[in-house]
Amino acid sequence: MKKSIFNRKKLTFHRNRVSKNWFKNAYIKYEASKRLNERIIELDKNFEMVLDIGSHSGELSKILNNNSKIKKIIQSELSIKLAKNAKKINSSIINCDEENLPFKPNVFNAVISSMSLHWVNNFNNLLKNINNILKSDGLILANFLGGETLNELRKVLISAETEILGGTSLRVSPFVDIKSVGSLLQSAGFNMPVVDSDKIIVTHKSIINLLKDLRYMAENSSLNYKVIPLRRDVLKRADEIYKNKFFTFNKRIVSSFDLITMIAWK
């Protein structure tokens, strides 16, 4: 049996750990959620029953609650502690893993997800399950992190580890390639797929601050194998390389989050 890339228990632990301070650090989730809402506003269609997959603390549903095109939203979230946060925003929530959606066929008019699907092991199987629970002419609309995410961090860590240790480890999670998303949607039975990507640029004082932010967003590594901790000398050298290669005028380091958005119809 092929080993999964991501450890879902580790991901759950990461999300539970940051639940108390989640609202302070979910700025990328907020931005990604706003962009999905804008896509819905552009559509000439109303949605009676909507599922929000990977709701975290309810950021997307909070925005969608004010969208007149949506009547009812059900949230689903892997982390029980984030789900409790989300329940305060929208009481209709189910604590479940999106890799095992517990819904009957032909239930929802739309399935929407923001900043969560990049942690799914079998993306094709997820899309098939979503197609199954959608009603005819149902919408799938989601954004998630793509292949160019944290490219700067990936490059400087490889350079620093190679220079000091003579080799390197996988430090940044592999992400879905935008080129494959459209074909995956079609193979799952969806029609008229549209896939695009946009960059969210973030700056930090140092590489340490970036890594802390990733942890606070529960976007630190959930790879399904033991990761050797970064040595201090490697981190110091990586920070030096970062500040020489990817920086703003005031020497703040730059990191890119590649936000892929997909939309298609059953």
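How many bridges join strand β4 to β5, and in which sense do the two strands run? I will come to that in a moment, after a word on the model itself. What we have is a predicted model, in which local features need pLDDT of at least 70 and side-chain atom pairs count only at pLDDT 80 or more, while totals for chains, interfaces and linings use all residues. Residues are numbered from 1 along each chain as its sequence is written, and side-chain values use heavy atoms, with hydrogens and water left out.

Back to the opening question, then. Strand β4, residues 108-114, is joined to β5 by 6 bridges, and the two run parallel; strands here are DSSP runs of E of at least two residues, helices are runs of H or I of at least four, and both are numbered from the N terminus. Two strands are said to pair if DSSP finds at least two bridges between them. Within this pairing, Ser114 has Asn143 of β5 as its bridge partner.

The whole sheet is open and has 7 strands, in the order β3-β2-β1-β4-β5-β7-β6, with mixed pairing. At its edges stand β3 (93-95) and β6 (191-204), each with a single partner strand, so one side of each is left without a neighbour in the sheet. On average, neighbouring strands are turned by 15° against each other, direction ignored; axes here are lines fitted to C-alpha atoms, for helices over the stretch in contact, and angles run from 0 to 180 degrees between N-to-C directions.

Next, β7. With β5, strand β7 runs antiparallel over 7 bridges, and Leu141 finds its bridge partner there in Ile263. With β6, β7 again pairs in the antiparallel sense, over 12 bridges, and Thr203 stands opposite Val254 of β7. How enclosed is β7 by the rest of the structure? It is largely enclosed, because 13 of its 13 residues are buried, where buried means under 20% relative accessible area, exposed over 50% and partly exposed in between, with a 1.4 Å probe and protein chains only. In a regular strand the side chains alternate between the two faces of the sheet. In β7, Ile253, Ser255, Phe257, Leu259, Thr261, Ile263 and Trp265 point one way, and Val254, Ser256, Asp258, Ile260, Met262 and Ala264 point the other way, all of them buried.

Now to the helices. Helix α8, residues 178-187, lies across β5, β6 and β7 (253-265) and runs at about 145° to β6. Helix α9, residues 207-216, packs on the sheet too, touching β6 and β7, and its direction makes about 30° with that of β7; contact means heavy atoms within 4.5 Å. Leu36, in helix α3 (residues 27-42), counts as buried because its relative accessibility is 0%. Leaving aside residues up to four places away in sequence, Leu36 touches Leu60, Ile112, Ser113, Ser114, Leu141, Ala142, Asn143 and Thr261. The C-alpha atoms of Leu36 and Ser113 are separated by 8.5 Å, although these residues are 77 apart along the chain.

Two backbone angles deserve a look. Most residues other than glycine have a negative phi. Asp137, in strand β5 (residues 134-145), has a phi near 65° and, at 39% relative accessibility, counts as partly exposed.

On a 1 Å grid over the protein atoms alone, a cavity is a set of points where a 1.4 Å probe fits but cannot get out, a pocket is an open set with protein on both sides within 12 Å along at least five of seven lines, and lining residues have an atom within 4 Å of a point. The volume of the largest cavity is about 60 Å³, taken as the space filled by probe spheres set on the points, with grid points joined across faces, edges and corners.

The largest pocket, finally, holds about 730 Å³ of space and is lined by 26 residues, of which Arg171, Leu211, Asn220, Ser221 and Leu230 lie nearest its centre. Helix α9 returns here, with the largest share of that lining, 6 residues.
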